[in-house]
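Please open the structure in a viewer and keep the selection panel at hand.

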Amino acid sequence: MSMSTELPQKSSSLYEWLTTDTPTSRKQARLSSWYRSWLELRSNPMAMFGIAILLALVLIAWFAPLLAPQSPFTQDLAARLTPPGEGGYILGSDSLGRDILSRLIYGSRITLYIVSLVALMAPIVGLFVGTAAGYLGGWIDVTLMRITDIFLAFPKLILALAFVSALGAGIENAVLAIVLTSWPPYARIARAETLTIRNADFIHAIKLQGAGALRIITRHIWPLCISSLVIRVTLDMAGIILTAAGLGFLGLGAQPPSPEWGAMISAGRKFILDHWWVATMPGLAIFIVSLAFNLLGDGLRDVLDPKKNSK
Amino acid sequence: MSQGNNAGIGLEHVNVWFGEHEERVDAVKDAGFAVPFGGSFGLVGESGSGKSTILRAITGLAPDWSGKISVLGQDLGQDRGKEFYSAVQMVFQDPYASLHPRQTVDRVLSEALSLHGFDTINDRIIKILDDVGLDQSFRFRWPHQLSGGQRQRVAIARALIIEPTILLLDEPTSALDVSVQAEILNLLTRLRTERGLTYLMVSHDLAVVGHMCSEIAVMNDGEIVEVLSVEDLRALKANHPYTRQLLDASVQKRKNE
């Protein structure tokens with residue numbers, strides 16, 4: 001025991017610093033609150049499983065050139081539609097003889113690109129609209145929420161299709177279309193949250209300190225809305241990936257020869273009965289990533305739920 | 001703001017209502033009283049009698065009112081300016097609802113200071129925590145790490161840190177344990193003498209108001225039925241039947257305790 005005193009002591013003092021009830025600086029207070037959330041998230045095995053998959057996805061996308069056994073674009077018509085495991089094609093080859101594994105690895109970059117752009121843009125638009133409508137009320141509320149209703153009245157994919165066909169096919173436009181169709185639910189959530197907080201005494205108190213509407217919305221209401229938005233975004237990620245894949249499948253998202261997973265399923269559709277792996281492999285990839293986001297979202301909901309530790 | 005003619009808060013023929021037309025509810029009817037600068041005034045009545053609504057009308061949180069409200073000799077319009085907020089602050093009833101759940105004590109206090117353009121934020125926070133009887137170790141805690149009494153001390157610190165002259169107290173102790181109630185009341189009494197504050201306090205508890213205030217208005221069903229001094233109250237010299245009823249109930253409660 002005496003041999004290993006140095007290291008545990010050091011780490012336990014860091015642990016104590018992070019979990020203390022009496023932080024001595026702003027930084028420590030913030031870090032310790034984050035650390036507590038992380039401890040709680042860590043105790044949820046399913047959420048950790050989701051994080052592990054997503055971390056793996058990021059690493060795979062980052063190191064794609066090192067990991068991919070072949071170029072995702074090299075065609076070998078002699079080896080077209082090779083079944084998985086044969087001829088050096090671990091997951092088989094597609095109709096042009098391209099290695100499906102390599103295409104999946106490079107496709108993870110496109111998936112991450114779409115997911116992160118949508119996750120950055122849609123909730124922010126929703127947050128702006130929802131909190132402004134909820135806090136300011138009156139005709140601003142009516143106008144903003146009717147616009148939201150109009151967007152919600154259309155099926156998501158149909159509206160995205162309309163946008164893409166108006167803007168032109170391509171990943172950037174697909175992202176834009178997904179953002180334009182996915183912000184309304186976030187606006188609704190942010191507005192609902194705002195309505196429950198706007199008459200709380202702590203908002204009255206800051207109003208009595210002379211704070212203006214902009215300051216109250218951005219500094220006092222946003223921090224309370226963001227956690228429920230983060231949960232919702234994480235749970236919606238699966239849907240976003242599927243919409244992106246759907247646009248790709250319909251030929252309106254990523255264009256060939258780009259290895260986007262939805263477009264790959266679309267290309268494999270013709271051979272699905274005789275050569276199942278062409279459509280199944282990208283389908284599995286979408287399934288795994290969507291599952292990971294859902295697991296993480298469930299875990300985050302347990303950690304971030306503001307109603308749980310409000311008292 | 002001028003502090004002439006000894007004026008703290010003055011209300012004349014004030015009506016406050018909620019809703020419009022058929023749904024209109026008159027919460028306060030023709031209320032009038034005056035609190036001298038540096039004085040302490042109590043509003044007593046049962047729940048729903050409109051006493052908190054008067055505070056809300058003064059602070060602008062209840063937007064529909066008519067009549068004349070003046071603070072430090074100046075009449076208030078529909079909008080309250082920075083000047084008003086730096087002179088008048090309020091302590092809310094429920095300390096569990098009046099602190100932002102995602103802000104540390106430090107953040108709450110520094111936000112108040114920065115809104116009013118104070119410098120030496122650090123020194124002021126250290127001093128105000130001292131003044132309200134909180135140890136410096138509370139400075140970076142989150143509200144959920146504090147007890148009800150500690151939260152209410154933070155709320156008082158938040159109100160006083162910007163150095164107002166008038167403090168509105170909306171049943172500041174009713175959500176607290178009896179033992180903590182006395183601590184908070186003593187703290188408020190001490191701060192008032194130290195800082196020469198004007199108090200307008202709302203309570204349903206005659207004993208609390210009798211302890212804190214020199215003059216008391218009794219409210220029933222949105223109307224002020226009687227204004228009497230604390231000496232008259234202690235001598236049980238009430239004229240209005242409702243006030244006597246309240247006094248009897250309070251004396252009865254004392255005996256039972």
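This is a predicted model: local features need pLDDT of at least 70, side-chain atom pairs count only at pLDDT 80 or more; totals for chains, interfaces and linings use all residues.

Residues are numbered from 1 along each chain as its sequence is written, chains are lettered from A and ligands numbered from 1 in the order in which they are written, and side-chain values use heavy atoms, with hydrogens and water left out.

**Nonpolar cores**

Begin with A:Ile114, A:Val118 and A:Trp261, the residues with the most contacts inside the largest nonpolar core, which has 63 residues. Such a core is a set of buried Ala, Val, Leu, Ile, Met, Phe, Trp, Tyr and Cys residues joined through side-chain atoms within 4.5 Å; buried means under 20% relative accessible area, exposed over 50% and partly exposed in between, with a 1.4 Å probe and protein chains only. Several helices of chain A each supply at least two residues, including H5 (100–136), H8 (171–197) and H12 (277–304). Helices (H or I, at least four residues) and strands (E, at least two) are DSSP runs numbered from the N terminus. H10(A) provides the largest share of this core, 15 residues.

Next, display the surroundings of A:Trp261. Leaving aside neighbours within four places in sequence, its contacts (heavy atoms within 4.5 Å) include A:Leu57, A:Arg103, A:Thr111, A:Pro282 and A:Val289. Another core, of 47 residues, lies apart from the largest one and has B:Leu146, B:Ile156, B:Val180 and B:Leu228 among its members.

**A salt bridge between chains**

Select B:Arg56 and A:Asp201, which form a salt bridge with their closest N and O atoms 3.8 Å apart. The term denotes a side-chain nitrogen of Lys or Arg within 4 Å of a carboxyl oxygen of Asp or Glu. Because B:Arg56 lies in helix H1 of chain B and A:Asp201 in helix H9 of chain A, the pair joins two chains. A:Asp201 counts as buried, at 14% relative accessibility.

**Salt bridges within chain B**

Move to B:Glu12 and B:Lys68, another salt bridge with closest N and O atoms 3.8 Å apart. This pair links distant parts of the chain, as B:Glu12 is in strand E1 (residues 7–18) and B:Lys68 in strand E4 (residues 65–71), 56 residues apart. B:Glu12 is partly exposed at 43% relative accessibility, and B:Lys68 is partly exposed at 35%.

Then select B:Glu194 and B:Arg190, whose side chains meet in a salt bridge (3.0 Å, N to O). These residues are four apart in helix H6 (residues 178–195) of chain B, and therefore separated by about one helical turn. For B:Arg190 the relative accessible area is 37%, hence partly exposed.

Salt bridges that share partners also join A:Arg215, A:Arg219, B:Arg107 and B:Glu111 into one network. Over all chains, the count comes to 22 salt bridges.

**A buried histidine**

Finish at B:His116, in the loop between helix H3 (105–115) and helix H4 (121–131) of chain B. Not counting residues up to four places away in sequence, B:His116 touches A:Gln209, B:Lys82, B:Tyr85, B:Ser86 and B:Ile162.
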